[in-house]
Amino acid sequence: MSSAWLLPEHIADVLPAQARRIEELRRQWLDLARSYGFELVIPPMLEHLESLLSGTGHELDLKTFKLVDQLSGRTLGLRPDATPQVARIDAHLLNREGVTRLCYCGPVLHTRPAGLHATREPLQLGIEIFGHAGLEADLEVLELTVEGLASSGVGNLTLDLGHARMVRSVLGGLMLDVQALTDLVAALTAKDGSAVRAMTRGCTAESRDALLVLLDLYGGDEVLIQARQRLPARGPIAQALDDLAWLAGHVRQACPGVRIGFDLSDMSGYAYYSGVRFAAYGAGSPNPLARGGRYDEVGAVFGRNRPAVGASLDLKGLSGVVAAARPRPAIRAPWGEDAALRAAIRRLRAVGETVVCILPGHESETQEFECDRELRAVDGQWVLCAL
């Protein structure tokens with residue numbers, strides 16, 4: 001029999017030190033997004049399943065907790081990703097004609113963890129731009145993501161760029177059912193050459209050779225040169241390579257300290273992304289700290305197929321790889337009924353100071369706050385003194 005206070009696997013309480021760091025990161029990222037012109041929205045934790053999973057493919061369906069609404073009898077889902085919700089807000093609630101920039105931050109729930117030590121309750125922060133099909137929107141999302149990670153204290157930033165149109169163009173002529181296509185995309189992403197060869201035995205030599213070439217196309221700028229030389233001369237492939245080169249050049253100009261690499265066979269989120277996709281890595285984490293890209297089809301189910309590009313990250317995960325800021329300096333004060341003492345405490349709090357009143361009998365206890373000053377009675381006056 002399990003203890004009543006044990007939580008489900010991969011679900012955990014957030015204790016004060018980490019909670020403070022997460023909140024600092026949340027405020028920092030949302031303030032940064034606001035400086036770019038993004039507006040904050042707060043989607044609900046659950047909604048009708050068909051709306052929640054629109055345009056996201058089978059993978060997100062497997063991550064979704066489902067339940068029956070006792071009011072309507074319909075199946076609801078606890079959101080595993082807020083992006084489709086934000087697309088719904090853009091399409092039906094705001095319904096603007098021009099560009100809309102939206103940001104959000106809130107918990108999402110996954111039926112299974114993404115990794116061995118991953119939480120099933122990430123705190124997802126995201127930015128989305130709707131209504132602009134040009135690369136200018138992709139670049140803005142990339143720059144905001146890089147700036148946010150750098151200002152959070154992430155070092156050795158690396159961007160891994162890819163393009164959904166690249167693999168889709170090669171796969172376009174293959175006669176594969178949905179499951180076979182899903183398996184082939186997974187093998188490409190995992191760079192499993194033997195599996196790719198086995199799955200493409202019945203394909204044309206051009207398509208099979210192009211897929212095997214893609215497996216080798218990861219690394220630095222030389223990848224784009226090799227891709228132009230070794231992949232079929234198709235318009236969508238050439239345009240995708242041009243897009244990647246343009247974005248890489250502009251990101252390097254704006255963020256010269258960021259390393260940029262390319263992985264042309266990585267199709268993580270194949271059913272989701274429609275153009276450029278990226279993953280951001282940093283020191284202290286083997287997994288991506290942020291992911292994003294273009295997903296123009298996500299709003300189609302809502303009847304408004306607007307261009308869309310965005311990025312998201314888990315603030316819980318980010319808080320675990322960046323150095324915690326020093327605790328904010330605080331003031332110790334004795335608890336007392338003296339009116340002058342209580343007035344002095346109120347004045348200090350009103351100007352933004354943290355004042356920790358030491359309750360009777362707890363004078364020797366310590367807390368997370370770093371008290372460097374103390375309120376003391378000196379000649380009948382309450383005076384702020386250094387500790």
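The legends below describe close-up views of a predicted model.

**View 1. The largest cavity and the residues that line it.**
In this predicted model, the structure holds two cavities of 30 Å³ or more, and the largest cavity contains about 40 Å³ of space. Its lining is formed by W29, L125, G126, I127, T145, A290, A311, S312 and L313. Two strands, β6 (123–130) and β12 (308–314), each contribute at least two residues to the lining of the largest cavity. Sorted by class, the lining residues of the largest cavity comprise six nonpolar and three polar residues, with no charged residue among them.

**View 2. The second largest pocket, with helix α1 in its lining.**
The volume of the second largest pocket is about 230 Å³, and the residues that line this pocket are R20, E23, E24, R27, R326, P327, R328, T354, E368 and F369. Helix α1, which spans residues 16–35, gives the most to the lining of the second largest pocket, supplying four residues. Charged residues account for seven of the lining residues of this pocket, alongside two nonpolar residues and one polar residue.

**View 3. Helix α6 against helix α11.**
Two packed helices are described by the angle between their axes and the distance between the axes. For helix α6 (residues 164–171) and helix α11 (residues 235–254), the axes come within 8 Å and cross at roughly 165°. Because angles over 145 degrees count as roughly antiparallel, α6 is described as roughly antiparallel to α11. The crossing in which α6 passes α11 is left-handed. On the side of α6, the contact is made by R165, M166, S169 and V170, while α11 brings P236, I237, Q239, A240, L241, D243 and L244. Taken by class, the residues of the contact of α6 with α11 are seven nonpolar, two polar and two charged.

**View 4. Helix α6 against helix α9.**
Helix α6 also packs with helix α9 (residues 205–216), at an angle of about 155° and with the two axes 9 Å apart. This angle makes α6 roughly antiparallel to α9. M166, V167, V170 and L171 of α6 make the contact with S207, A210, L211 and L214 of α9. The residues of the contact of α6 with α9 fall into seven nonpolar and one polar, and no charged residue is included.

**View 5. Helix α5 against helix α11.**
Helix α5 (residues 135–151) packs with α11 at an angle of about 40°, and the axes of these two helices lie 10 Å apart. The helices α5 and α11 are therefore oblique to each other, and their crossing is right-handed. The contact is made by L135, E136, D138, L139, L142 and E143 of α5, together with D243, W246, L247, H250, V251 and A254 of α11. By class, the residues of the contact of α5 with α11 are seven nonpolar, one polar and four charged.

Note on methods
Residues numbered from 1 in each chain as written. Predicted model: local features only at pLDDT ≥ 70, side-chain atom pairs only at ≥ 80, totals over all residues. Heavy atoms only, no water. 1 Å grid on protein atoms, 1.4 Å probe; cavity = no way out; pocket = protein on both sides within 12 Å on 5 of 7 lines; lining within 4 Å. Points joined across faces, edges and corners; volume = space filled by probe spheres on them. Nonpolar A, V, L, I, M, F, W, Y, C, P; charged D, E, K, R; others polar. Axes fitted to C-alpha atoms, helices over the stretch in contact; angles between N-to-C directions. Parallel < 35°, antiparallel > 145°, perpendicular 65-115°, else oblique. Left-handed = near helix turned anticlockwise from the far one by under 90°. Contact = heavy atoms within 4.5 Å.
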